[in-house]
Amino acid sequence: MDNLAEITSHHDRHVLEKSLLKTLNELFPAQDLRLFRVRQHADNHELSLLAFCVNSVIVSADEPAKLQPSQSDLSEALSRAIAKGDVELAAGKNGDWNIIYPAFDSHGDIFAVLLISTNLVPSASDQRLVYSILRVYSNYLSLIEKTQKDKLTGLYNRETLDNEITKVLVRQSDHFAQEISSSNDSRRRSFAIKYWLGVLDIDHFKVINDSYGHLYGDEVIILVARLMSSGCIRDDDLVYRYGGEEFVVLLKAPNEEDAAHTFNRIREMISEHEFPQLKQVTTSIGFVEVLGQQSPSDVIGQADEALYYAKQNGRNQVQSYRELIEQGKIHHTSQVAHGDVELF
Ligand SMILES: Nc1nc2c(ncn2[C@@H]2O[C@H](COP(=O)(O)OP(=O)(O)OP(=O)(O)O)[C@@H](O)[C@H]2O)c(=O)[nH]1
């Protein structure tokens, strides 16, 4: 009962996943545990590591630098478990066993697999216990996701975005502090993971509403949301519905050029899509690196300033906050100068 209470006491999926592995580690000690997300496509599936527990140390996807996906030796066994939708026992190295449990969502689809590496084959009742715990995880995750998602588009909502930006700001400031304390070489930061936030707004959306009606406007919002979250971003990049016809994309890219390239790809993909009745739907995007700002609203405010500039200067374009400041086209309004990292 304590373990159930522990699993269901968190509202953050990464903490929930850590808590799941902590519970399983307590129930079945001295075993390695790995939890993978499964994304099913028409003829294949993709696996990405969500969390692992080795020697009772638990790491989850909110510490991406520490996650080391190493399922290559096990991919066939993982695929077999996914294909049959049932537990799979595979002989591992040194007489160990790899036991793979699929986890099902509310539609009965496999959305995750748990891998337990152990030297003991679990009894039938142990297996049932693991399945029951996975059901608690899956049910509770779908509850959390409901509160985090926008009803119209199914994208993450604004509240979830604020939490995510806060996490990124703290993580980036910690990394920066560590690098300063471990080395004087400022060039090292150019190799660190960088996060970029873009605010995307549909151009002249009022005209679409006025000409075709609010319901049709809603359809356009849904289609834009689908285009953004399908093809044009990577698996671990996130898309949010920020307000009416405004979206936010939070992505990882090693430098500003790559980030601008991705935002432009999103803009082009939408402008090239054939929307029923409409000739073309264009969007404007303003973006900024998530680093050194005081709060989520500062980050969004800076991207919004770049977006405003894009709207005032022809729409259907991507603008970088840093570049606009550097070129003197817009001026700082917040206290923290971009690029001057203030540790907090
Ligand atoms: N259908 C629909 N319309 C919405 C929703 N939320 C906001 N809107 C409408 O979106 C329109 C936004 O218009 P504006 O902010 O004036 O901007 P715009 O026409 O998109 O023009 P620019 O942004 O300057 O290119 C308003 O008419 C809102 O009523 C929604 O959820 N569904």
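**Entry 1: the ligand shell**

I began with the shell around the ligand, and its largest share, four residues, comes from H7. I worked on a predicted model, where local features need pLDDT of at least 70, side-chain atom pairs count only at pLDDT 80 or more, and totals for chains, interfaces and linings use all residues. My residue numbers start from 1 along each chain, as its sequence is written.

For helices I took DSSP runs of H or I with at least four residues, and for strands runs of E with at least two, numbered from the N terminus. At least two shell residues each come from strand S7 (195-202), helix H6 (205-212) and helix H7 (214-229).

Which residues come nearest to the ligand? I found Asp203, Phe205, Lys206, Gly217 and Gly244, out of the 15 residues around the ligand. Near, in my notes, says that the C-beta atom, placed from the backbone, lies within 6 Å of the molecule or strand.

I also sorted the shell by residue kind and got three nonpolar, five polar and seven charged. Here Ala, Val, Leu, Ile, Met, Phe, Trp, Tyr, Cys and Pro count as nonpolar, Asp, Glu, Lys and Arg as charged, and the others, Gly among them, as polar.

**Entry 2: the whole chain**

I stepped back and counted ten helices and eleven strands in the chain. The chain splits into domain 1 (2-147) and domain 2 (158-326), with bounds from an automatic or database domain assignment. Taken over C-alpha atoms, the centres of domain 1 and domain 2 are 32 Å apart.

How many of the residues count as buried? The figure is 32% of the 344 residues of the chain. My cut-offs count other C-beta atoms, placed from the backbone, within 10 Å of a residue's own: 20 or more is buried, 12 or fewer is exposed, and in between is partly exposed.

I then looked at contacts, meaning two residues whose C-beta atoms, placed from the backbone, lie within 7 Å. Among the contacts in the chain with a separation of 6 or more, 57% are between residues 24 or more positions apart.

**Entry 3: the six-stranded sheet**

Next I traced an open sheet of six strands, ordered S3-S2-S1-S6-S5-S4 with antiparallel pairing. Strands pair, by my rule, if DSSP finds at least two bridges between them. Strand S3 (57-60) and strand S4 (88-91) are at the edges with a single partner strand each, so one side of each has no neighbour in the sheet. From one strand to the next, the twist averages 25°. Angles run from 0 to 180 degrees between N-to-C directions, and axes are lines fitted to C-alpha atoms, for helices over the stretch in contact.

I followed S1 (residues 32-40) in both directions. S1 and S6 (residues 110-118) run antiparallel and are joined by six bridges. Leu35 faces Leu114 in S6, and Leu33 faces Ile116 in S6. Eight bridges link S1 to S2, also antiparallel, and a hairpin of four residues connects S1 to S2. What is the bridge partner of Arg39 in S2? I found Glu46 there.

I checked Arg80, which lies in helix H3. Buried or partly exposed, is Arg80? Arg80 is partly exposed, because 13 other C-beta atoms lie within 10 Å. Arg80 and Arg34 are 46 residues apart along the chain, and their C-alpha atoms are separated by 16 Å.

**Entry 4: the five-stranded sheet**

I found five strands in an open sheet, in the order S8-S9-S7-S10-S11 and with mixed pairing. S8 and strand S11 (318-320) are the edge strands, each pairing on one side only. The twist here averages 20° from one strand to the next.

S7 pairs with strand S10 (residues 283-289) in the antiparallel sense over seven bridges. Gly198 has Phe287 in S10 as its bridge partner. Helix H9 (residues 296-312) packs on the sheet and touches S7, S10 and S11, with a direction at about 140° to that of S10.

My last stop was Leu238, in strand S8 (residues 238-243). Leu238 counts as partly exposed because it has 18 C-beta neighbours inside 10 Å. Leaving out residues up to four places away in sequence, Leu238 touches Tyr156, Glu164 and Leu250. Leu238 and Tyr156 are 82 residues apart along the chain, with 8.1 Å between their C-alpha atoms.
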